Each structure stands twice: as structure tokens, then as C-alpha cells.
Amino acid sequence: MALMFQTLSDFLAHGHDTVIDVRSPAEYAEDHVPGAINLPVLDNAERAEVGTIYVQQSPFLARKIGAAMVFRNAADHIEHRLSHHEGSWKPLVYCWRGGQRSGSFTWMLSQIGWRAEVVKGGYQSYRRLVHQAMYEAPLAHRLMLLDGLTGTAKTEILKQVAEMGGQVLDLEGFAGHRGSLLGEMPGGQPSQKRFESYIACALAQMDPARPVLVEAEASKIGARILPPSLWDAMKAAPRIDLEVPFAARCAYLLEAYDDILSNAEALREKLGLLREHRSGAVVDAWFELIAAGDKPALVARLMADHYDPAYRKARSRYEVSDQRKVALTGLDEAARKQAAQRILELLDAS
């Protein structure tokens with residue numbers, strides 16, 4: 001049976017035991033339905049080979065050769081990866097368009113006796129729902145931005161609010177990037193489509209009647225672009241501004257960015273890109289501190305010379321009509337927890 005989902009919430013509440021993506025590993029890596037496992041019936045090379053035969057020789061020959069590959073690979077999955085399932089197992093299968101790859105695999109599973117169903121329209125139907133939520137429809141959720149200068153532990157406090165029961169959208173976590181020139185994280189960034197999937201699916205599972213806390217970001221986080229529906233809502237959202245003394249912010253950044261601060265070569269490469277923005281003399285002074293291994297002084301200079309001015313300039317572009325303040329004297333665990341509790345109270349009262 002082919003299932004058609006009308007909303008992203010319906011798709012995510014599919015009710016099946018397992019979601020199986022039978023597309024190639026490359027297609028799966030770019031984006032996939034949350035929680036789906038990848039059991040490709042054509043691997044990357046096989047998919048390319050069948051496509052070439054289809055274009056250069058014959059569609060019939062491509063289908064014949066492709067069918068042999070599909071059934072051979074499907075049999076291998078059934079024997080080695082799916083054999084432990086009982087007869088009551090209910091999988092949901094999809095491919096690119098809900099055509100031959102998913103149809104063939106679902107037919108095989110059904111012949112065994114499993115209650116397999118296929119997604120009508122395949123991944124493309126899922127992607128249309130994500131695109132609609134992120135590009136076409138106004139966001140149904142009320143956002144509250146968590147703002148503050150660099151080094152105010154916004155990300156840590158955001159996570160604390162989530163642990164306390166608040167609705168939180170962790171954009172930097174989804175983007176795999178800390179949102180600054182030195183913000184790269186291990187593992188790199190997801191594709192743009194995957195990034196949008198994370199956001200859309202997270203929102204689809206939240207209560208629109210309750211506010212959602214989001215860290216104030218620029219329109220790009222690393223190389224990933226915030227989708228229009230979210231960005232429009234963020235620009236109009238009220239803000240909670242964290243106020244933290246300069247010394248406390250420097251101490252926090254010294255610990256949070258120790259990985260990049262300890263890599264002198266990578267640090268010089270990144271900071272060298274700022275010569276046209278902060279002058280050669282300023283950057284040379286940073287390089288001297290890097291050479292001396294003086295991390296505390298380097299962080300303080302980076303904050304004063306670059307991060308604070310850049311943040312204030314970016315924030316001045318947007319008119320904020322509703323802003324509340326939460327002041328912290330430090331950023332230790334107790335202080336962050338206290339700030340998160342105050343933010344949660346503000347959210348509940350909004």
C-alpha cells in the first residue's frame with residue numbers, strides 16, 4: 001500500500017516500526033527522513049551505471065540490468081540485516097520518487113509476510129513538506145531569541161533551558177557550527193537540505209501554543225543559510241539579552257574555544273582572513289600573541305578588536321521593540337542554571 005502524507009507532522013507520526021531509505025548512500029547522506037536507516041538497493045556506482053545505460057543505450061536495458069541489481073541487493077539485506085524481524089514487523093519504505101526501487105523492495109518484504117508499506121512520491125514528497133514549512137508558509141510558532149555578545153554562553157544556557165522543559169531550537173547544533181569565524185566543529189556541516197530537515201522536523205514536533213527559544217544568529221551559520229520562514233520569524237521576534245562582564249566572557253571563551261586556540265597554524269589561517277576588515281596592524285598584533293602562546297591576552301584582544309564591534313554592528317541592523325535583560329555576574333554552572341531558570345520564567349509568562 002502506498003501512503004500519502006499531507007503534513008510533515010503526519011509524516012513524522014507514521015506509526016511504523018522502521019523507516020527504510022533504499023536510495024544510494026550518496027542520496028541518503030545529503031538528506032533523509034529522520035530516523036530512517038539506509039538499505040540501498042543500488043549503491044552509488046550501480047546507480048550511476050544504470051543511469052548511464054538508460055541515457056546512452058536503452059531504457060529497457062537499464063531497467064533489466066537495474067532490476068537484477070535491485071533484487072540481488074534486496075536479497076542480501078533480507079538475509080543479513082532484516083532476518084531478525086518477526087512476522088509482525090511493519091516497515092515503511094521510500095526511494096527518490098516512490099517508484100521502482102522502493103516498490104520492488106516493498107513487494108519483496110510483503111511477500112515474506114511483513115506489513116511493508118511504501119511512501120507515495122518517495123523522498124520528494126517528504127522534501128516538498130519540508131520546503132513548504134521552511135519556504136512557503138509563515139512559521140506557526142512564536143519565537144523568543146536568546147541574544148547577547150560573544151562569550152555569554154548562549155548555547156550552554158539554551159541547552160539548560162531545554163533540560164528544564166522549555167521548547168528550544170538549537171540552530172548551531174543542527175548546523176554543526178558555532179556560528180563564528182572560529183566556529184567550525186568536528187564532523188563538519190550537514191548539507192543545506194539536511195539542515196532544513198533538522199529545523200522543520202524539530203518544529204513540527206513542538207507545541208505551537210508555547211514559545212520556542214532560539215539563539216539569535218546571523219542569516220548564515222557557517223555555510224548553512226537559515227530558511228526564509230524561520231529567518232523572517234526571527235527578525236520579528238522579541239529578545240532576551242544576556243548581560244555578562246567582559247572578563248567572565250573571556251574566561252568562558254578561553255575554555256569553550258580551547259581546541260582552535262591550541263592550533264596556532266589553523267588560527268593564523270582563519271584570522272588572516274580579517275586583514276581587510278581589521279587592518280594588518282591589528283591582525284599582526286594577534287599573530288604576536290599566538291606566537292607567544294598567550295591565549296588569555298589573545299581572547300581579550302579578539303573580543304575587543306573584532307567580536308564585540310562586529311556583534312554590535314550586526315545587531316544594530318534590526319529594530320528590537322521587545323527586549324528583556326538577564327544579568328549574570330559570572331558563567332559558572334550555577335550562574336548558567338540560574339539564568340536558564342529566569343529565561344524559562346520569561347518564556348512561560350510570554
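Trainee: How does the lining of the second largest pocket divide by class?
Mentor: This is a predicted model, in which local features need pLDDT of at least 70 and side-chain atom pairs count only at pLDDT 80 or more, while totals for chains, interfaces and linings use all residues. Residues are numbered from 1 along each chain as its sequence is written, and side-chain values use heavy atoms, with hydrogens and water left out. Nonpolar here means Ala, Val, Leu, Ile, Met, Phe, Trp, Tyr, Cys and Pro, charged means Asp, Glu, Lys and Arg, and polar means the others, Gly included. On that scheme, the lining of the second largest pocket has 10 nonpolar, 5 polar and 5 charged residues.

Trainee: Which helix gives the most to the lining of the second largest pocket?
Mentor: This pocket (on a 1 Å grid, an open set of points with protein on both sides within 12 Å along at least five of seven lines, whose lining residues have an atom within 4 Å of a point) has a volume of about 650 Å³, taken as the space filled by probe spheres set on the points. Its lining comprises 20 residues, and those nearest its centre are Leu-42, Val-50, Arg-97, Gln-100 and Arg-101. Helices H3 (44-56), H4 (59-80) and H5 (100-112) each supply at least two lining residues, helices being DSSP runs of H or I with at least four residues and strands runs of E with at least two. With 7 residues, the helix that gives the most is H4.

Trainee: Turning to the largest pocket, which element gives the most to its lining?
Mentor: The largest pocket has a volume of about 1400 Å³, and of the 45 residues that line it, the closest to its centre are Arg-178, Gly-179, Ser-180, Glu-217 and Tyr-311. Two or more lining residues come from each of several elements, among them strand E6 (143-148), helix H7 (154-163), helix H11 (246-256) and helix H16 (295-315). By class, this lining divides into 19 nonpolar, 11 polar and 15 charged residues. The element that gives the most, with 6 residues, is H16.

Trainee: Over the ring of which residue does the charged end of Arg-178 sit?
Mentor: Arg-178 has already come up as one of the residues closest to the centre of the largest pocket. A charge sits over a ring if NZ of Lys or CZ of Arg is within 6 Å of the ring centre and within 35 degrees of the ring normal. For Arg-178, whose charged end is 4.5 Å from the ring centre, the residue is Tyr-257.

Trainee: Are Trp-96 and Tyr-123 stacked or edge-to-face?
Mentor: The structure holds 7 aromatic pairs, which are rings of Phe, Tyr or Trp (its six-membered ring) with centres within 6.5 Å, counted as stacked when the planes are under 30 degrees apart, edge-to-face when over 60 and tilted otherwise. Trp-96 lies in the loop between strand E4 (91-94) and H5, whereas Tyr-123 lies in helix H6 (residues 122-136), so the pair ties together parts that are 27 residues apart in sequence. Because their ring centres are 5.5 Å apart and their planes stand at 25 degrees, the pair is stacked.

Trainee: What is the arrangement of the rings of Tyr-123 and Tyr-126?
Mentor: Tyr-123 and Tyr-126 are 3 residues apart in helix H6, which means a separation of about one helical turn. Since their centres are 5.9 Å apart and their planes at 50 degrees, the pair is tilted.

Trainee: What is the phi of Ser-279, a residue that is not a glycine?
Mentor: Most residues other than glycine have a negative phi. Ser-279 lies in the loop between H14 and helix H15 (280-292) and is partly exposed, with a relative accessible area of 34%. Its phi is positive, at about 75 degrees.

Note on methods
1 Å grid on protein atoms, 1.4 Å probe; cavity = no way out; pocket = protein on both sides within 12 Å on 5 of 7 lines; lining within 4 Å. Buried < 20%, exposed > 50% of the residue type's maximum accessible area, 1.4 Å probe, protein only.
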